[in-house]
Amino acid sequence: MMAQAQSPAAWNNKQCAVVLTYDDAIDVDLDHALPVLDSLKLKATFYLIGSSSVVSKRMDEWRKVAKEGHELGNHMMYHPCDGNRPGRGFVTPETDLSKYTMARETNEAVMNNVLLRAIDGKDKRTFAYPCGDLKIGDDFIWPHIQKEFVGARGVGAGMQTIEKVDLGNIDCYMIDKRKADYMIDLVKQAMQTHTLLVFLFHGVGGGHNINVDLQEHSKLLHFIKEHEKEIWVAPMVDVAQHIKNYQEKHK
């Protein structure tokens, strides 16, 4: 019960923590999501695929994003996904995780970190599993890459109190064609339960088949801003480091 009682104070003396994450390094990250975030002074995490043309063509903009306090997270160099799973027709032979060795997976994760460090100069960041695939065969990826990252975001839905968060597979809510009311209700739930809430966005006002309307996204961000006294909003790397420190202290 003590752990429960401590939870409200655990999130930097706020009711809960909210992390806004944007996947895949797409143009709308910079064109649609970033202007709203910056206008409200909210910091987010952008999970970049190193090989994306949006990284190479707009590198100076990403550098500026990092300087302004957002995190450039690691979403692998080539976004490998397990082609054996249902609905994975989009997976090419070159990016089929089921054909990867663990050494290849680890090397590509490390190389993407090198690229990201060349952009932002930072040596701490978090990872996001492409397609939410946690394993190659029966072997979990996290133990092999753990020393490279503060934490890793999965795709499973859920909210945990600080002592229950699994840093190797952080839960989130993937937002696809949802209204602001749904997203705001999640925030209210996190505030009531003193938990971590992570949003996962792809398209914001287009740019991806998994998408959220520009206005709905903006309404959510404005609600979060209005309740900043009760909500700790920060990039995943900061929140994950905070959780790590807390969990080690309260073992």
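Six aromatic pairs are present in the structure, a predicted model in which local features need pLDDT of at least 70, side-chain atom pairs count only at pLDDT 80 or more, and totals for chains, interfaces and linings use all residues. Rings of Phe, Tyr and Trp (its six-membered ring) are paired if their centres lie within 6.5 Å; planes under 30 degrees apart count as stacked, over 60 as edge-to-face and the rest as tilted. One of the pairs, formed by Y22 and F46, is stacked, with 5.1 Å from centre to centre and 25° between the planes. Y22 belongs to strand β1 (residues 16-23) and F46 to strand β2 (residues 45-48), so this pair ties together parts that are 24 residues apart in sequence. Strands (E, at least two residues) and helices (H or I, at least four) are DSSP runs, numbered from the N terminus. Y22 is buried, at 0% relative accessible area, and F46 is likewise buried, at 1%; buried means under 20% relative accessible area, exposed over 50% and partly exposed in between (1.4 Å probe, protein chains only). The pair of F127 and Y129 is edge-to-face, because the ring centres are 5.3 Å apart and the planes lie at 85°. F127 and Y129 are both buried. One aromatic cluster is formed by Y22, F46, W62, F199 and F201.

Charged groups also sit over rings, a term that requires NZ of Lys or CZ of Arg to be within 6 Å of the ring centre and within 35 degrees of the ring normal. The charged end of R104 is placed over the ring of Y100, 3.8 Å from its centre. R178 lies over the face of Y182, 3.9 Å from the ring centre. Residues are numbered from 1 along each chain as its sequence is written, and side-chain values use heavy atoms, with hydrogens and water left out.

The structure holds one disulfide, a pair of cysteine sulfur atoms within 2.5 Å. This bond joins C81 to C131, with an S to S distance of 2.0 Å. C81 is buried, at 0% relative accessibility, while C131 is partly exposed, at 23%. The sulfur of C16 is too far for a bond, because the closest cysteine sulfur, in C172, is 16 Å away.
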